[in-house]
Amino acid sequence: DTDEQQEGPVGRNMQNWPGCKVDCPAGCRRHPKQIVVSRYQDGWIGSFDYKSLEPFLLAWLAGDERLYDAFKTGGGYISFGRDLFGVDVKKETDAYRALKGVILGTHYGAEAWKIATELWNVGCQLSTDWKTHVQKAGVLREKYLAAVPGVRQYMRARVQEVLRTKQVVGALGRVRHLPHPFSTPPTSN
(Lines give C-alpha, C1' and ligand atoms only; values in the text may rest on other atoms or scores of the structure.)
Protein backbone atom coordinates (compact mmCIF):
# COMPACT_ATOMS: atom_id res chain seq x y z
CA ASP A 1 0.00 0.00 0.00
CA THR A 2 1.12 3.52 -0.68
CA ASP A 3 0.67 6.23 1.91
CA GLU A 4 -2.38 7.45 -0.01
CA GLN A 5 -4.05 4.03 0.30
CA GLN A 6 -3.37 3.45 3.99
CA GLU A 7 -5.81 4.46 6.65
CA GLY A 8 -4.84 6.77 9.45
CA PRO A 9 -3.18 10.17 9.64
CA VAL A 10 -1.30 9.74 6.35
CA GLY A 11 -4.09 8.06 4.40
CA ARG A 12 -7.48 8.76 2.89
CA ASN A 13 -9.58 8.06 5.98
CA MET A 14 -10.20 11.56 7.35
CA GLN A 15 -12.05 10.14 10.35
CA ASN A 16 -8.69 9.45 11.99
CA TRP A 17 -6.96 12.73 11.10
CA PRO A 18 -6.39 15.11 14.01
CA GLY A 19 -8.85 17.99 14.27
CA CYS A 20 -8.50 21.31 16.00
CA LYS A 21 -8.18 21.43 19.74
CA VAL A 22 -10.26 23.61 22.04
CA ASP A 23 -7.44 26.14 22.36
CA CYS A 24 -6.88 26.51 18.58
CA PRO A 25 -7.61 30.00 17.25
CA ALA A 26 -10.58 30.55 14.96
CA GLY A 27 -9.68 29.67 11.37
CA CYS A 28 -6.81 27.39 12.43
CA ARG A 29 -5.08 25.84 9.42
CA ARG A 30 -2.50 23.69 11.25
CA HIS A 31 -4.61 20.54 11.55
CA PRO A 32 -5.23 18.32 8.50
CA LYS A 33 -9.03 18.25 8.80
CA GLN A 34 -9.10 22.04 8.50
CA ILE A 35 -7.24 22.18 5.20
CA VAL A 36 -9.69 19.91 3.37
CA VAL A 37 -12.03 22.05 1.28
CA SER A 38 -14.87 21.39 -1.11
CA ARG A 39 -14.11 21.46 -4.82
CA TYR A 40 -17.28 23.50 -5.31
CA GLN A 41 -17.50 27.28 -4.85
CA ASP A 42 -18.82 27.85 -1.30
CA GLY A 43 -19.25 24.06 -0.95
CA TRP A 44 -19.32 22.23 2.36
CA ILE A 45 -17.89 18.92 3.47
CA GLY A 46 -19.84 16.96 6.05
CA SER A 47 -18.31 14.95 8.85
CA PHE A 48 -20.72 12.13 9.58
CA ASP A 49 -19.44 9.79 12.25
CA TYR A 50 -22.58 7.88 13.12
CA LYS A 51 -22.22 6.52 16.63
CA SER A 52 -22.39 2.73 16.71
CA LEU A 53 -23.44 2.47 13.06
CA GLU A 54 -21.69 -0.87 12.49
CA PRO A 55 -23.36 -2.73 15.39
CA PHE A 56 -26.74 -1.30 14.32
CA LEU A 57 -26.22 -2.48 10.74
CA LEU A 58 -25.13 -5.93 11.89
CA ALA A 59 -28.14 -6.15 14.23
CA TRP A 60 -30.43 -5.27 11.32
CA LEU A 61 -28.77 -7.69 8.87
CA ALA A 62 -28.70 -10.49 11.44
CA GLY A 63 -32.17 -9.74 12.76
CA ASP A 64 -30.78 -9.80 16.29
CA GLU A 65 -33.02 -7.88 18.71
CA ARG A 66 -30.59 -8.14 21.63
CA LEU A 67 -27.74 -6.46 19.72
CA TYR A 68 -30.09 -3.80 18.39
CA ASP A 69 -31.56 -3.05 21.82
CA ALA A 70 -28.11 -2.87 23.43
CA PHE A 71 -27.09 0.02 21.21
CA LYS A 72 -30.54 1.62 20.95
CA THR A 73 -30.82 2.08 24.71
CA GLY A 74 -27.37 3.61 24.97
CA GLY A 75 -25.73 0.83 26.92
CA GLY A 76 -23.78 -0.34 23.90
CA TYR A 77 -20.89 -2.64 24.60
CA ILE A 78 -21.40 -2.33 28.36
CA SER A 79 -24.77 -4.07 27.93
CA PHE A 80 -22.86 -7.31 27.38
CA GLY A 81 -20.61 -7.00 30.46
CA ARG A 82 -22.74 -9.32 32.60
CA ASP A 83 -22.95 -11.90 29.80
CA LEU A 84 -19.19 -12.04 29.33
CA PHE A 85 -17.74 -11.20 32.75
CA GLY A 86 -20.65 -11.75 35.15
CA VAL A 87 -20.33 -8.20 36.50
CA ASP A 88 -21.23 -4.67 35.48
CA VAL A 89 -18.37 -3.31 33.40
CA LYS A 90 -17.31 0.34 33.60
CA LYS A 91 -15.87 2.38 30.74
CA GLU A 92 -12.13 3.10 30.62
CA THR A 93 -11.24 -0.18 32.36
CA ASP A 94 -9.38 -3.23 31.08
CA ALA A 95 -12.64 -5.19 31.27
CA TYR A 96 -14.31 -2.61 28.99
CA ARG A 97 -11.42 -2.73 26.52
CA ALA A 98 -11.59 -6.53 26.50
CA LEU A 99 -15.38 -6.45 26.14
CA LYS A 100 -15.26 -4.06 23.19
CA GLY A 101 -12.33 -5.94 21.61
CA VAL A 102 -14.14 -9.27 21.81
CA ILE A 103 -17.37 -7.85 20.39
CA LEU A 104 -15.78 -5.91 17.54
CA GLY A 105 -13.35 -8.72 16.77
CA THR A 106 -16.22 -11.18 16.59
CA HIS A 107 -18.20 -8.85 14.33
CA TYR A 108 -15.24 -8.68 11.97
CA GLY A 109 -14.91 -12.46 11.89
CA ALA A 110 -11.92 -12.87 14.20
CA GLU A 111 -11.49 -16.17 15.98
CA ALA A 112 -10.11 -16.58 19.52
CA TRP A 113 -6.43 -16.44 18.54
CA LYS A 114 -6.81 -13.16 16.60
CA ILE A 115 -8.87 -11.54 19.34
CA ALA A 116 -6.34 -12.69 21.95
CA THR A 117 -3.47 -11.30 19.89
CA GLU A 118 -5.09 -7.90 19.49
CA LEU A 119 -5.95 -7.70 23.19
CA TRP A 120 -2.43 -8.77 24.18
CA ASN A 121 -0.88 -6.16 21.87
CA VAL A 122 -2.74 -3.33 23.59
CA GLY A 123 -1.84 -4.59 27.06
CA CYS A 124 -5.22 -6.07 27.85
CA GLN A 125 -4.24 -9.51 29.07
CA LEU A 126 -6.79 -11.97 30.34
CA SER A 127 -3.99 -14.05 31.85
CA THR A 128 -0.22 -13.79 32.21
CA ASP A 129 0.04 -17.11 30.39
CA TRP A 130 -0.46 -16.80 26.60
CA LYS A 131 -2.21 -20.14 26.17
CA THR A 132 -4.67 -19.38 28.97
CA HIS A 133 -5.19 -15.89 27.55
CA VAL A 134 -6.18 -17.37 24.16
CA GLN A 135 -8.54 -19.85 25.82
CA LYS A 136 -10.21 -17.08 27.82
CA ALA A 137 -10.61 -14.96 24.68
CA GLY A 138 -12.32 -17.94 23.04
CA VAL A 139 -14.66 -18.40 26.00
CA LEU A 140 -15.58 -14.69 25.92
CA ARG A 141 -16.20 -14.88 22.17
CA GLU A 142 -18.51 -17.88 22.62
CA LYS A 143 -20.37 -16.20 25.49
CA TYR A 144 -20.95 -13.16 23.29
CA LEU A 145 -22.20 -15.27 20.38
CA ALA A 146 -24.52 -17.11 22.77
CA ALA A 147 -25.97 -13.74 23.81
CA VAL A 148 -26.60 -12.72 20.18
CA PRO A 149 -27.80 -15.88 18.40
CA GLY A 150 -28.90 -13.94 15.32
CA VAL A 151 -25.31 -12.80 14.79
CA ARG A 152 -24.03 -16.37 15.02
CA GLN A 153 -26.63 -17.53 12.45
CA TYR A 154 -25.84 -14.61 10.15
CA MET A 155 -22.10 -15.34 10.29
CA ARG A 156 -22.65 -19.04 9.58
CA ALA A 157 -24.91 -18.18 6.64
CA ARG A 158 -22.22 -15.89 5.16
CA VAL A 159 -19.60 -18.65 5.46
CA GLN A 160 -21.93 -21.13 3.79
CA GLU A 161 -22.71 -18.59 1.08
CA VAL A 162 -19.06 -18.07 0.20
CA LEU A 163 -18.35 -21.80 0.27
CA ARG A 164 -21.32 -22.49 -2.01
CA THR A 165 -21.07 -19.55 -4.44
CA LYS A 166 -17.52 -18.18 -4.04
CA GLN A 167 -19.04 -14.78 -3.39
CA VAL A 168 -20.97 -12.76 -0.83
CA VAL A 169 -23.78 -10.39 -1.72
CA GLY A 170 -24.04 -7.34 0.52
CA ALA A 171 -27.22 -5.70 1.81
CA LEU A 172 -27.27 -3.30 -1.13
CA GLY A 173 -26.67 -6.03 -3.70
CA ARG A 174 -22.94 -5.49 -4.15
CA VAL A 175 -21.22 -8.75 -5.05
CA ARG A 176 -17.82 -9.48 -3.56
CA HIS A 177 -16.11 -12.41 -5.24
CA LEU A 178 -14.17 -14.52 -2.78
CA PRO A 179 -12.70 -17.55 -4.55
CA HIS A 180 -12.06 -20.25 -2.00
CA PRO A 181 -10.44 -23.66 -2.35
CA PHE A 182 -13.58 -25.26 -0.88
CA SER A 183 -16.07 -24.10 -3.48
CA THR A 184 -18.60 -26.44 -1.92
CA PRO A 185 -18.78 -27.17 1.79
CA PRO A 186 -16.53 -30.04 2.86
CA THR A 187 -18.39 -33.29 3.53
CA SER A 188 -16.93 -33.62 7.03
CA ASN A 189 -15.46 -31.33 9.66
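Student: Let's start in helix α7. Does Arg-141 count as buried or exposed, and at what relative accessibility?
Tutor: Happy to look, keeping in mind that this is a predicted model. Arg-141 sits in helix α7. Buried means under 20% relative accessible area. Arg-141 therefore counts as buried, with a relative accessibility of 8%.

Student: Which residues is Arg-141 in contact with, leaving aside its neighbours within four places in sequence?
Tutor: One of them is Glu-111, 30 residues apart from Arg-141 along the chain, with the two C-alpha atoms separated by 7.9 Å. With neighbours within four places left aside, the contacts of Arg-141 are Val-102, Thr-106, Ala-110, Glu-111, Ala-112, Ile-115 and Met-155.

Student: Thr-106 is in that list. Which residues does Thr-106 touch, not counting those up to four places away in sequence?
Tutor: Thr-106 belongs to helix α5. Its relative accessibility is 0%, so Thr-106 counts as buried. Beyond four places in sequence, Thr-106 touches Ile-115, Arg-141, Tyr-144, Leu-145 and Met-155.

Student: Now for the largest nonpolar core. Which helix gives the most to this core, and how many residues?
Tutor: The core has 30 residues, and those touching the most other members are Leu-67, Phe-80, Leu-84, Leu-99, Leu-119, Tyr-144 and Val-151. At least two core residues come from each of α2 (53-62), α3 (65-72), α5 (94-107), α6 (112-121), α7 (130-147) and α8 (149-165). The helix that gives the most to this core is α7, with 6 residues.

Student: Which residues is Val-151 in contact with, leaving aside neighbours within four places in sequence?
Tutor: Val-151 is among the core residues that touch the most other members. Apart from those neighbours, Val-151 is in contact with Leu-58, Ala-62, Asp-64, Leu-67 and Leu-145.

Student: Why are the buried residues of α2 on the same side of the helix?
Tutor: The residues in question are Pro-55, Leu-58, Ala-59 and Ala-62. They lie on the same side of α2 because they cover an arc around the axis of only 100°.

Student: Which helices do the buried residues of α2 pack against?
Tutor: The buried set in α2 includes Leu-58 and Ala-62, and both of these are in contact with Val-151. Overall, the buried residues of α2 pack against α3, α5 and α8.

Student: Where is Lys-166, and what is its phi?
Tutor: Lys-166 lies in the loop between α8 and β1 (167-169). Lys-166 has a relative accessible area of 37%, so it is partly exposed. Its phi is positive, in a residue other than glycine, and is near 60°.

Note on methods. Residues are numbered from 1 along each chain as its sequence is written. This is a predicted model: local features need pLDDT of at least 70, side-chain atom pairs count only at pLDDT 80 or more; totals for chains, interfaces and linings use all residues. Side-chain values use heavy atoms; hydrogens and water are left out. A nonpolar core is a set of buried Ala, Val, Leu, Ile, Met, Phe, Trp, Tyr and Cys residues joined through side-chain atoms within 4.5 Å. Buried means under 20% relative accessible area, exposed over 50%, partly exposed in between (1.4 Å probe, protein chains only). Helices (H or I, at least four residues) and strands (E, at least two) are DSSP runs, numbered from the N terminus. Contact means heavy atoms within 4.5 Å. The arc is that of the directions from the helix axis to the C-beta atoms.
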